[in-house]
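Please keep the sequence and the structure open while reading.

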Amino acid sequence: MQLAARASLSHAFLSQLERGFGRPSMVSLGRIAWAFGSSRESYGQAEARLLVHGTRRFLPMEVRGANADPGDHLSHAEDEFAHVVDGTVLVDLEGDETRILVPGDSIYHTGGTPHRWSAVDEGGNRLFVVEEKPASL
């Protein structure tokens with residue numbers, strides 16, 4: 001029960017995973033890793049490092065990516081703010097125009113917005129990302 005609460009996942013879902021009857025999303029895997037105290041997790045096709053520990057309303061992360069292919073759109077319940085620290089990022093919010101962000105640019109989208117991003121430069125990118133858990137979680 002503690003893992004379910006810390007990871008903001010249902011006990012029934014975790015039970016299905018334990019018995020091999022469920023397939024977790026990348027977001028669910030990240031929540032489970034975070035609940036166990038891991039500071040690194042997969043974040044789409046990038047790698048994220050949590051900058052705080054414990055149960056928090058805001059989850060600030062450093063995200064590094066070098067993927068040229070944006071992959072499939074991802075969606076999660078949390079609102080998300082991203083600020084480009086290094087590199088150039090192509091951001092595609094489903095139903096909106098694709099944007100190119102450079103160092104100093106930021107973007108915000110609400111939870112449930114399908115999105116994907118990729119590196120424009122070979123050197124990849126580094127982002128400061130903050131997710132806010134909705135009050136209902």
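The model is a predicted one, in which local features need pLDDT of at least 70 and side-chain atom pairs count only at pLDDT 80 or more, while totals for chains, interfaces and linings use all residues. Residues are numbered from 1 along each chain as its sequence is written, and side-chain values use heavy atoms, with hydrogens and water left out.

Arginine 126 forms a salt bridge with aspartate 86, and the closest N and O atoms of the two are 2.9 Å apart. This pair links distant parts of the chain, since arginine 126 lies in strand E9 and aspartate 86 in strand E4 (residues 79–86), 40 residues apart; helices (H or I, at least four residues) and strands (E, at least two) are DSSP runs, numbered from the N terminus. Aspartate 86, at 37% relative accessibility, is likewise counted as partly exposed.

## Other salt bridges

The structure holds 7 salt bridges, each being a side-chain nitrogen of Lys or Arg within 4 Å of a carboxyl oxygen of Asp or Glu. Side chains of opposite charge can pair when their charged atoms come close. Arginine 64 forms one of these bridges with glutamate 62, with 3.1 Å between the closest N and O atoms; arginine 64 is partly exposed at 48% relative accessibility, whereas glutamate 62 counts as buried at 12%.

A further bridge joins arginine 99 to aspartate 96, where the closest N and O atoms are 2.7 Å apart. Arginine 99 is partly exposed at 30% relative accessibility, and aspartate 96 is partly exposed at 36%. Salt bridges that share partners join Arg49, Glu62, Arg64, Asp86 and Arg126 into one network.

## The cavity

A search of the whole structure finds 1 cavity of 30 Å³ or more, and the largest cavity has a volume of about 50 Å³. On a 1 Å grid over the protein atoms alone, a cavity is a set of points where a 1.4 Å probe fits but cannot get out, and lining residues have an atom within 4 Å of a point; grid points are joined across faces, edges and corners, and a volume is the space filled by probe spheres set on the points.

The lining of the largest cavity consists of Ala46, Gly65, Asn67, Val89, Trp117, Ser118, Ala119, Asn125 and Leu127. Strand E8 (115–119) and strand E9 (125–132) are the elements that give two or more residues to this lining, and E8 gives the most, with 3 residues. By type, the lining residues divide into 5 nonpolar, 4 polar and no charged.

## A nonpolar surface patch

Leu51, Phe81, Val85, Tyr108 and Phe128 form a nonpolar patch on the surface, with about 400 Å² of accessible area together. Such patches are made of residues with over 30% relative accessible area and no salt bridge, nonpolar side chains being joined within 5 Å. Phenylalanine 128 has its place in strand E9 and counts as partly exposed at 32% relative accessibility.

## Alanine 7 in helix H1

Alanine 7 lies in helix H1 (residues 2–7) and is buried, with a relative accessible area of 1%. The C-alpha atoms of alanine 7 and isoleucine 32 are separated by 5.4 Å, although these residues are 25 residues apart along the chain.

Conventions
Buried means under 20% relative accessible area, exposed over 50%, partly exposed in between (1.4 Å probe, protein chains only). On a 1 Å grid over the protein atoms alone, a cavity is a set of points where a 1.4 Å probe fits but cannot get out, and a pocket is an open set with protein on both sides within 12 Å along at least five of seven lines; lining residues have an atom within 4 Å of a point. Ala, Val, Leu, Ile, Met, Phe, Trp, Tyr, Cys and Pro count as nonpolar, Asp, Glu, Lys and Arg as charged, and the others, Gly among them, as polar. Patches are made of residues with over 30% relative accessible area and no salt bridge: like charges are joined within 9 Å, nonpolar side chains (Val, Leu, Ile, Met, Phe, Trp, Tyr) within 5 Å. Accessible areas come from the Shrake-Rupley method with a 1.4 Å probe; for residues, only the protein chains shown count as cover.
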